[in-house]
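Subject: Two-chain model, handover

Hello,

The model is below, followed by notes on what was found in it.

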Amino acid sequence: MAGIRLDNVTKRFGSVTALDRISVEIEDGEFFAVLGHPGAGKTTMLRTIVGLETPDEGDVYAAGERITDVYPGDRDIAIMFQNLALYPDKSVYNNLAFPLKQAKVPKQQIEQRVAEVARVLRIEPLLKRKPAKLSGGERQRVALGRAMVRDPRALLLDEPLSALDALLRLEMRAELKRLQRELGRTVVYVTHDQVEAMSMADRIAVLREGVLQQVDQPENIYHRPANRFVATVVGSPPMNFLHAEGAWSGGTLELRHPLFTVTTAEAASESLRGRLAEGQECLVGVRPEDVHVTSAPGIPATVYVTEPLGGETVVDLDLGGRLVKALVDPTLKLQENEAVQLALDGQRLHVFDAEGVGLLSAAGEPLFTVSAS
Amino acid sequence: MAEIRIQSLTKEFAGGVVAVKDLELEVPHGSFVALLGPSGCGKTTTMNMISGLERPTAGEIYFDGRPITRVAPGKRNVGFVFQNYAIFTHMTVYGNLAFGLKVRKDGRSKAERDAEVRRVAEIVGLSGSLERKAGVLSVNDMQKVALGRSMIVQPAIFLLDEPFSNLDAAFRAYMRTELKRIQHEMGQTMVYVTHDQVEAMSMADRIAVMNLGELQQYGSPDDVYNRPRNRFVAGFVGSTRMNFLPASLAPALAPEGRADKLTLGVRPEAIEIVAPGDARSTLDARVTLVEPLGAKDVVHLEVGGHDARVVGAPGRRPHVGDSVGLSFDPSRVHLFNDETDLAV
C-alpha cells in the first residue's frame, strides 16, 4: 500500500502540454478520481504514475520514495485500461493467473491468490469460462481481477466503466466502491463522468487542458467550486450563470441583474471587499435544483421547453433573454411560453468574477438574499 | 406534415433473425415519437424500413394513408440525421446547408435560398460559422451542420438515429432542449431512435419501448414512467433503476394470498428512509453504501437478501451499516406477475 505524490510534473507531446506543473498528493488507501473532458490529460497522468510516460519535468513518488526513473514493472502499481484486453483463448482462471505465472510465483500460491481475487470479485463460478462467454460486467470484473491479482500497492483505473451500459454502470459503481473499501488499496480512477467521480471518490482532482483546477472532496467540488469550469463539470444539468454588476452602498454589496438583486449579508460583503469593485461585472451561479418556480411574486421568466425525466422535470426558462434550467417536481405542469415567477435559493448561490474565478459560494450559509427588481 | 401508420411490420434477416416482429404503431401528424430500447431491440431496423433503407419481410407502412414500402427512399420525402454526421467536409457550412436546396430545384430564387440558409443556421446555432469549412469544425458543430442540412429541405418526416450519441454530455443536453423547441416550432413529424431513456423521456410526445424486436409499450413519457406495462419497461426507463423485490417481503402491499407469485416494483425516489421502528416503516433494511451526487444522494440498501436503492435530497445522511426502516407510498408501488412479467 502506498500514497502517491506528483511533484510539479510537466509532460509535453510536441507543442502540446499534456500535463502542466501538476502537484498533487494522493493518500494511502484513498479513492482518488481524476475528472475532466477527453484530452484534459487524465490518461497521461495515469501513464506517468505507472511509468509508461516519463515526465519532462518534476517527479513521481510512491510511499515517499522517488520512482520517476523506476521501470514500470518494478513500481508495483497496476493499471487497467479502458479497453479490456483479456486473452480470448485463455479461461478466466488463466487470465487471472497469467501475471503471476509471468512473475514465476509458485503454483500453489497462484491458486490461492486467484481464488482470493475471484472471491472478492464474486466471479468464482466463472473461472473455467472463456472471455467470449462472459457478459460485459463479468469481463470488467475479470479485467479488474487481473490488475489486482499481484496485489499491487496502488491500482490505476482508466475509464473502467465507460464500455458498459447505463444500468450495469450503476451497479459496478457501487461494487467498485465496496471493493476498494474492502481492499483498502489506493485507487486512482480516471473518468469523464462526473457521477462516477462524485459517487465513488474520497477526493476529486478536476483537470482541464493539463492544468489542475481543484483537488477536493466531492461535497466541496459541488458546493464550493473554485471556478466556473469546475462548477460546470459537476452537476446535471450544469450550473446556470447570470451576469450581474457589483454595487456598494456603505459596507454592503449588492449584485444587480436587470431582473433581480442579490443582497449580500455582512460576512459575504466582507469577504468580497476588494475582490469585486463598484460597477464591476460578475457572474451569479445557481444550480438547477436551486431555481424554484413559485406562486409568490418573483423573478419573471417564460417557459422555453419542459423536459420530463420521470422522477423530476427539467424546465428551460427564458430569463431576460438567457436560458436557465430549473429542476422541478414532475407533478408541476408547465406549458411552453407560459409566464412564471422564479425564486433563487440565496443559501446556494455562487459568485464568480467575469473571468469565472470563484469569489464566494454560500454552500448552505445565509450569505445572500435574492429579490426581484 | 405527415402521419405514419405501421401495420403488422416484420423484418426477418437471412439466417432467421427476426429483427422486428409484427409491429403496430401510429405516429400522428406533427408528433415527436421516440423509438427506445437496448441495442438489438429492432429500433434502427424499424427506422430503416420507414426511410426505405430496408424492405420489410411482411406488413406495410403508410404515410398519410398511402402505402410506401415500394416507394424509393428518395421519393418518400423524409430527412435523416445519423449518429455519424454525413456532411461535406470540403464545403463551407453555408455550402452544406445550401446543398439540399440546390439539388431540390424547386424554383426558389437565389435570394430566397440565401434567406433560408441563414434562418436555419440561426436555429441550429451556426450563424457565426457560415463561411468556415465544415471539416475544421468541432464534432458538436459538425452535428449541427448535419441537423441543419436535413431540416432545411423541410421533409414531411424527419428521422433521427441516435444523432447525439457521439457528442459530449453538456452539448447533448443543449441539443435536447433545442431539438424539442425546433420540432415544436416547425411542427414536423419526427421519429427519433435512441437507447438513452433520458433523451426519449425529455423530448418525445410518445415513446415506443422495444425489446427483442417486439413493442413493449407505446405511450406518453408519463405513461411509460408511471404506468409501465411490464417489468422490462419498468426497469429500462428511469435513471436510477426501479427496485424489484419479492412481494413476499411485504405481503401487505400485494393482493391477498398472491404475494408469492408477484414482484414489487418501487422507484428509488418513491421510498422514504425512516427510523427502524417507525410506524410508517414496511420493511427493515441495512445501509450498504451512500453515494452523494450533490443535488441528491443515492443510498444502497440490503433488504431481506436483496439489493435496493433510494434516491433523495441530501438531508440527514445515514451511515454504512445503519439499520433503517423503509416507507413506501402505496400509490407508487407497482406489482408484476412473476410468470408473465406483466404489470398487475
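Chain B is divided into domain 1 (4-236) and domain 2 (243-337), the bounds coming from an automatic or database domain assignment. The C-alpha centres of domain 1 of chain B and domain 2 of chain B lie 39 Å apart.

Some conventions before the rest. This is a predicted model, in which local features need pLDDT of at least 70 and side-chain atom pairs count only at pLDDT 80 or more, while totals for chains, interfaces and linings use all residues. Residues are numbered from 1 along each chain as its sequence is written, and chains are lettered from A and ligands numbered from 1 in the order in which they are written.

Domains of chain A

Nine residues of domain 1 of chain A are in contact with twelve residues of domain 2 of chain A (contact: C-beta atoms, placed from the backbone, within 7 Å). Helix α8 (residues 228-233) of chain A gives the most to the domain 1 side, with four residues; helices here are DSSP runs of H or I with at least four residues, strands are runs of E with at least two, and both are numbered from the N terminus. That side of domain 1 of chain A divides into four nonpolar, three polar and two charged residues. Ala, Val, Leu, Ile, Met, Phe, Trp, Tyr, Cys and Pro count as nonpolar, Asp, Glu, Lys and Arg as charged, and the others, Gly among them, as polar.

Contact between the chains

The contact takes 30 residues from chain B and 28 residues from chain A. On the chain B side, the elements that give two or more residues are α5 (169-186), α6 (197-203), α7 (221-226), β14 (283-292) and β15 (297-303). Of these, α5(B) gives the most, with seven residues. The chain B side is made up of 13 nonpolar, eight polar and nine charged residues.

Sheet in chain B

Six strands of chain B form an open sheet of mixed pairing, in the order β6-β7-β8-β3-β9-β10; two strands pair if DSSP finds at least two bridges between them. At the edges are β6 (78-81) and β10 (214-219) of chain B, each pairing on one side only. Neighbouring strands of this sheet are turned by 15° against each other on average, direction ignored. Axes are lines fitted to C-alpha atoms, for helices over the stretch in contact, and angles run from 0 to 180 degrees between N-to-C directions.

Strand β3 (residues 32-36) of chain B runs parallel to β9(B), joined by four bridges, and B:Val33 stands opposite B:Arg206. On to the next pair: β9 (residues 206-211) of chain B is antiparallel to β10(B), with five bridges. Here B:Ala208 has B:Tyr218 as its bridge partner, and B:Asn211 stands opposite B:Glu214. β9(B) and β10(B) form a hairpin with two residues between them, and B:Leu212 in the turn has a positive phi of about 50°.

Sheet in chain A

An open sheet of four strands in chain A has antiparallel pairing and the order β2-β1-β4-β5. β2 (16-26) and β5 (65-66) of chain A each have a single partner strand, so one side of each is left without a neighbour in the sheet. β1 (residues 4-13) of chain A pairs with β2(A) over seven bridges in the antiparallel sense, and A:Arg12 has A:Thr17 as its bridge partner. Helix α1 (residues 42-50) of chain A packs on the sheet, touching β1, β2 and β4 (57-62) of chain A, and its direction makes about 60° with that of β2(A).

Helix pairs

In chain A, α2 (residues 92-102) and α3 (residues 107-121) pack at about 130°, with axes 10 Å apart. α2(A) and α3(A) are therefore oblique to each other (under 35 degrees is roughly parallel, over 145 roughly antiparallel, 65 to 115 roughly perpendicular, the rest oblique). The residues of the contact of α2(A) with α3(A) divide into eight nonpolar, no polar and two charged.

In chain B, α3 (residues 110-124) and α4 (residues 139-152) pack at about 135°, with axes 10 Å apart. α3(B) and α4(B) are therefore oblique to each other. The residues of this contact include B:Val117 and B:Val120 of α3(B) and B:Leu147 and B:Met151 of α4(B).

Regards

Note on methods. Contact = placed C-beta atoms within 7 Å.
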